[in-house]
Amino acid sequence: MEKPRQVVRKFLARPQHEGVGAVVRRSVGRFELRYFDPFLVLDEFSVSAPAGFPDHPHRGFETVTYMLEGAVTHEDFEGHRGTIKAGDVQWMTAGRGIVHSEMPAGPGTSKGLQLWVNLSSANKMVEPGYQEIQSKDIACTSADGVTVRVIAGNAMGARSPVRTRTPTMYLDFTVRPRAAVRQPVPPSWNAFVYVLEGEGVFGAERCAPAGAHHLLLLGQGDGLEAWNKSDRPLRFLLIGGEPIGEPVAQLGPFVMNTEEEIDMTVDDFERYANGFEKARHWKSQAMVALGVE
């Protein structure tokens, strides 16, 4: 690397309520950082039954759900149903429209992360789809006290099989005490770090360490340098993406390019049209079990 990226902003993701009884720590998509092209939202969630994220729609972007603990059952109006467990990833393309539910599976607390990745205008109305990868199939490698799980992109010679419509890297690093990371990032991309466990020094060795639940926006450069100077393991995400550079119009779970397109999306959803046809007669099994009409 010729020009390591420096930390230009740092803030703590504080808990807030979302869905029905769920708690999330939102870092991207909050008032300080509405949009970090191409990323719309990053939530670290914690949820226990009967709380969760019952039937709700999406259009115009992708959701990436990465489980840390427990499990979540997903089902949608296309008949797709499955459970993702600790270490598993689901990369969902909402495209022209999906209605689904995400509810904790089994007892205890389920924890994970959900990232929303914007789609370009050319891809906003594609057919919905899924890429689901079990933990055992995620590319993983270790060297010199550093282990990386490659959710998207490539690192340390390991490459993810995930296809990203918006070019994206999503790396989960675990760094032993006194070890360091040097990871290239394409110079034209936006990138950030999210700390999951422990504390690390990012960008320059003289910087103060950052602990769990902190988001660090990275400036321009061709990679990231990070150090674990503590006596405990450090775990963090490095997420980067190619900016789309288009206008963003958002109304909750609908993300388009113009307000007119948002109005059309709301109309489509309310009329069960243009991708939402199956929503008219569909209700998730979770909602049926709860007796919700």
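Author: The model is predicted, so local features need pLDDT of at least 70 and side-chain atom pairs count only at pLDDT 80 or more, while totals for chains, interfaces and linings use all residues. Residues are numbered from 1 along each chain as its sequence is written, and side-chain values use heavy atoms, with hydrogens and water left out.

Reader: How many salt bridges does a search of the whole structure find?

Author: A salt bridge is a side-chain nitrogen of Lys or Arg within 4 Å of a carboxyl oxygen of Asp or Glu. A search of the whole structure finds 15.

Reader: How many residues apart in sequence are the parts that Asp268 and Arg59 tie together?

Author: The closest N and O atoms of the salt bridge between Asp268 and Arg59 are 3.0 Å apart. Asp268 lies in helix H1 (residues 259-271) and Arg59 in the loop between strand S5 (53-58) and strand S6 (61-69), so the pair joins parts separated in sequence by 209 residues.

Reader: Is Arg59 buried or exposed?

Author: Buried means under 20% relative accessible area, exposed over 50%, and partly exposed in between (1.4 Å probe, protein chains only). Asp268 has 6% relative accessibility and counts as buried. With a relative accessible area of 2%, Arg59 is buried.

Reader: Which residues are linked with Arg59 in a network of salt bridges?

Author: Asp268 forms a salt bridge with Arg59. The network links Arg59 with Asp267, Asp268 and Arg271.

Reader: Is Lys136 buried or exposed?

Author: Lys136 meets Asp137 in a salt bridge of 3.3 Å, N to O. Asp137 is partly exposed at 45% relative accessibility. At 66%, Lys136 counts as exposed.

Reader: Which residues line the largest cavity?

Author: On a 1 Å grid over the protein atoms alone, a cavity is a set of points where a 1.4 Å probe fits but cannot get out, and a pocket is an open set with protein on both sides within 12 Å along at least five of seven lines; lining residues have an atom within 4 Å of a point. The structure holds 1 cavity of 30 Å³ or more. The largest cavity is lined by Thr65, Val72, His74, Ile84, Gln90 and Glu102.

Reader: Which strand gives the most to the lining of the largest pocket?

Author: The largest pocket is lined by 27 residues, with Glu18, Arg26, Val41, Asp43 and Trp116 nearest its centre. Strand S3 (22-28), strand S4 (39-48), S5, strand S10 (98-104) and strand S11 (109-118) each supply at least two lining residues. The most, 5 residues, come from S4.

Reader: How many residues line the second largest pocket, and which of them lie nearest its centre?

Author: S3, S4, S6 and strand S19 (190-197) each supply at least two residues of this lining, and the largest share, 3 residues, comes from S4. The lining of the second largest pocket has 13 residues, and nearest its centre lie Glu44, Phe45, Leu68, Lys111 and His213.

Terms used
Helices (H or I, at least four residues) and strands (E, at least two) are DSSP runs, numbered from the N terminus. Grid points are joined across faces, edges and corners, and a volume is the space filled by probe spheres set on the points.
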